[in-house]
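Please keep the sequence and the structure in view while reading.

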Amino acid sequence: MSTEYAKALGARLRAIRTQQGLSLHGVEQKSQGRWKAVVVGSYERGDRAVTVQRLAELAHFYGVPVHELLPGGSPNAAAELPPKLMLNLEVLQNLGEDKAAPLMRYVAAIQSQRGDYNGRVLSIRQDDLRTLSVIFDLQPSVLVDLLIEWGVLDADARRAVNFDADFADDELDEEELLEEDED
């Protein structure tokens, strides 16, 4: 790997990490030691080559597609990442179980799996949103609007969700079913 490319890759890695509000030590803590601060720092400086496998694992850890970490895309690709889907757990607790019991159970399962009990916020992924939309029996866009209305999600969450790309298959299946019914 050329030094120039390694430095560009490192700059992308650093941009993603800092956007998520993580220090190098924070990465080590959040990953429970899986990602050592010194190793991630050396990747970011371009001092150490990163394998494709490790890069894919790091992308997964950060919750971004691998191509967002690679140099050569748009120069501001890392800066243009949509906001993360962050659930406000303090607001969620105040909603009460009658309104948000399924979401509270789902959050508890994620917290248990991650060992993340900070109690203030919890990041969720597109797949989590997909699962929650099934649980609530709502279209993802309607669910996001509901969670924003409840104050559990910030209004910027709409930008974090790519409804066209992520849920296009569902829409096609519905259209195909309607066409079959007409025949």
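## A buried leucine

Leu129 is a residue of helix α7, in a model that is predicted. Because its relative accessibility is 0%, Leu129 counts as buried, the cut-off for that word being under 20% relative accessible area. Leu129 can also be compared in position with Val144: the two are 15 residues apart in sequence, and their C-alpha atoms are 8.3 Å apart in space.

## How α6 and α7 pack

Two packed helices are described by the angle between their axes together with the distance between those axes. For helix α6, which covers residues 97–114, and helix α7, which covers residues 126–136, the angle is about 145° and the axes are 10 Å apart. The crossing of α6 and α7 is a right-handed one.

Which residues meet where α6 and α7 come into contact? From α6 these are Pro102, Leu103, Tyr106, Ile110 and Arg114, and from α7 they are Asp128, Thr131, Leu132, Ile135 and Phe136.

Helix α4 spans residues 52–62, and its buried residues are Leu55, Leu58, Ala59, Phe61 and Tyr62. These residues lie on the same side of α4 because they cover an arc of only 160° around the axis. On the face of α4 that is turned away from this buried side, one finds the exposed residues Val52, Gln53 and His60.

What do the buried residues of α4 pack against? Their partners are the helices α1 (3–19), α2 (24–30) and α3 (37–45). After α4 comes Gly63, a residue with a positive phi, near 75°.

## The chain as a whole

The protein chain contains eleven helices and two strands, and when it is read along the sequence these elements follow the pattern α-α-α-α-β-α-α-β-α-α-α-α-α. The chain has 183 residues, of which 38% count as buried, and Leu129 has already been described as a buried residue.

Among the contacts in the protein chain that have a separation of 6 or more, 58% come from residues 24 or more positions apart. The accessible surface of the protein chain, finally, comes to about 11,000 Å², and 50% of that surface belongs to carbon and sulfur atoms.

Technical notes:
Residues numbered from 1 in each chain as written. Predicted model: local features only at pLDDT ≥ 70, side-chain atom pairs only at ≥ 80, totals over all residues. Heavy atoms only, no water. Axes fitted to C-alpha atoms, helices over the stretch in contact; angles between N-to-C directions. Helix = DSSP H or I, 4+ residues; strand = E, 2+ residues; numbered from the N terminus. Left-handed = near helix turned anticlockwise from the far one by under 90°. Contact = heavy atoms within 4.5 Å. Buried < 20%, exposed > 50% of the residue type's maximum accessible area, 1.4 Å probe, protein only. Arc of directions from axis to C-beta. Areas by Shrake-Rupley, 256 points an atom, 1.4 Å probe, with all protein chains shown as cover.
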